[in-house]
Amino acid sequence: MAQDSDVQLAVSRSVGLDTYREMHRMLAVYEIISNILQNCQRHDQAVAARVSRLWYGVVLDWLWRDIDSVLPLLRLLSPLVDTKSGLAFAETIEARNWERFRYYGRRVRCLRYDDRDPDGRAHLASSSFASDFSVTLLALKPAGFGALLPNIQELHWTASRDVLNLQHALPFLHSSVKALDISVDNVRVDDVHIIARFLRTVSGIHGLRLETFKFKSIRATLQLYQNFATLLQNQQTIRVLDIEVGHLPDPNEPGPDLPHPVLPKELKELITSLNFDGLADYLTRARALVRQVPHLHSLELYPDGPWSWWPLGFHYLTPFLELSELKNLELFALEGIHLDPDDIGILSKSFPKMVRFAIKPWPQPRFELGIKATTLIDFAAAFPNLEALGIRIERIDEPLELPWRSTDNHSHSQPQAYPSFNSSTFQLLDVGPSFLSDDDIPDMAELLSVLCPSPLFEIKYEQLEGEREPQPDSTEAWRKVEALVKLVHGTERDTTKPYHEWCQALILDNVDIEIDEDEESMIAEGEVA
């Protein structure tokens, strides 16, 4: 304390007593300290808690605000012991421990749990609970204690080792929760009723008004879909919805269709599958989905239909043209979708706010269709504010006919004279499994150097395994293209020559540019984004 007084005296003398007092008052304001501490690492926050009594409570709010495991919370009540059926309380819970739990629990805003995570403190292989743990916890809770976590807003719960761990999320669910993220793996068909029961219980929580709901299960039954639809009907406040549910044992059952008619009208973000049986059925279901959620900003759609027919052309996209507020569209197709320049013009008029557009392969790697390389010019003209584009570039069979090479364009025109993506927004071109030969590297680099002027521009390429006709790995080719584009952008232009001639010469002189091995491995693994 004497040392603290000496420091305070020295500071007050150096800045003036009045200024020091004003600084001291400012650093006692909760909002100011909170804004500072939220940008600190957890270690630094813990240090700050020991600096000042004034800061102690503020620091605790941030240390306990977002916790990656429920175990530190539970150990406030009692040590945990590993039994044959999982973790359980090792001791009787005393009244003072409940008060300690309340003191810290009211600070929790986000709680995460994954039963696969090892418990480092007790050197346990997992965090799986005993089957009766949640019942015991609620039975031991004192009368009038209230919600365990009265201010929780996000709950992320993963039950991968044992589906029974899902039920242990219920004691922490409260009407204050706005985001619920549930993931269940390794589920036997006979255990799906446990998930359905969980959904029924969540639907019955009084006052619950979810805004984000994410649900993933590799198994499904008709009962599960029914309970899921009931939950959606009771939670029309949901604005972000991610549904990933496995197939039904009987594909003719109507389960996957049940949630769509009760989707919240004001939904903004949706990830879902769409079951169909042929072209007419696909168009009907897709249009019905769009009518149910007309205000979507983001749509990620996984079609699921017979192998005899899958969407291949522009008609695959027509049901979604009514979603005028769409900013992000990510569609998955069996063999890709071919788009002509006229199609892109229609998309531009229908999606004036689009910033991310992608067509990706799913469920099997048979991706073949996409766009011609020069059609990227049409994309740049139609969507100048795009941030990311994901689409397959079809195989180049002859030299590219770049418009600025035309004799009519042999001038000293700047690259800005041609269509290009916004240099401050467009950063990612995801070409998927697009094949690119070494001979086509110079043309592709020249094309993208004009279209993609951002210094942060990146190309993402992913070689698919199991293609019907495996093609050579184009990782190095696309990485060279990216490196050459960055070289063009970083080199001072020779204004005595037409831009296209200067650019072409620079690229040809450096076409053998060496690529960093680490960067090459990143693009091959699809980690560039």
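Colleague: How do you know how many disulfides the structure holds?

Modeller: A disulfide requires a pair of cysteine sulfur atoms within 2.5 Å, and in this predicted model the count under that criterion is 0.

Colleague: What makes C110 count as buried or exposed?

Modeller: The relative accessible area of C110 is 5%, and the cut-off for buried is under 20%, so C110 is called buried. C452 is handled by that cut-off as well: its relative accessible area is 2%, and therefore C452 is also buried.

Colleague: What does the chain give as a whole, and what share of the residues is buried?

Modeller: Buried residues make up 48% of the 529 residues, in a chain that has 17 helices and 15 strands. Among contacts between residues at least 6 apart in sequence, 78% join residues at least 24 apart.

Colleague: What makes up the lining of the largest cavity, by class?

Modeller: The lining has 5 nonpolar, 3 polar and no charged residues; the residues are Y225, I243, V245, P256, P259, H260, T272 and S273. The strands β8 (240–245) and β9 (269–275) each supply at least two residues of that lining. As for the volume, the largest cavity comes to about 80 Å³, and the count of cavities of 30 Å³ or more is 1.

Colleague: How do you know where caution is needed in reading the model, and which residues have pLDDT under 50?

Modeller: The chain averages a pLDDT of 83, and 80% of the residues score at least 70, but pLDDT stays under 50 over residues 1–17 and again over residues 518–529. For residues 1–17 the model has 7 contacts beyond four places in sequence, whereas for residues 518–529 it has 24. Where pLDDT is low, the predicted coordinates should not be read in detail.

Terms used: Residues numbered from 1 in each chain as written. Predicted model: local features only at pLDDT ≥ 70, side-chain atom pairs only at ≥ 80, totals over all residues. Heavy atoms only, no water. 1 Å grid on protein atoms, 1.4 Å probe; cavity = no way out; pocket = protein on both sides within 12 Å on 5 of 7 lines; lining within 4 Å. Points joined across faces, edges and corners; volume = space filled by probe spheres on them. Helix = DSSP H or I, 4+ residues; strand = E, 2+ residues; numbered from the N terminus. Nonpolar A, V, L, I, M, F, W, Y, C, P; charged D, E, K, R; others polar. Buried < 20%, exposed > 50% of the residue type's maximum accessible area, 1.4 Å probe, protein only. pLDDT = per-residue confidence, 0-100. Contact = heavy atoms within 4.5 Å.
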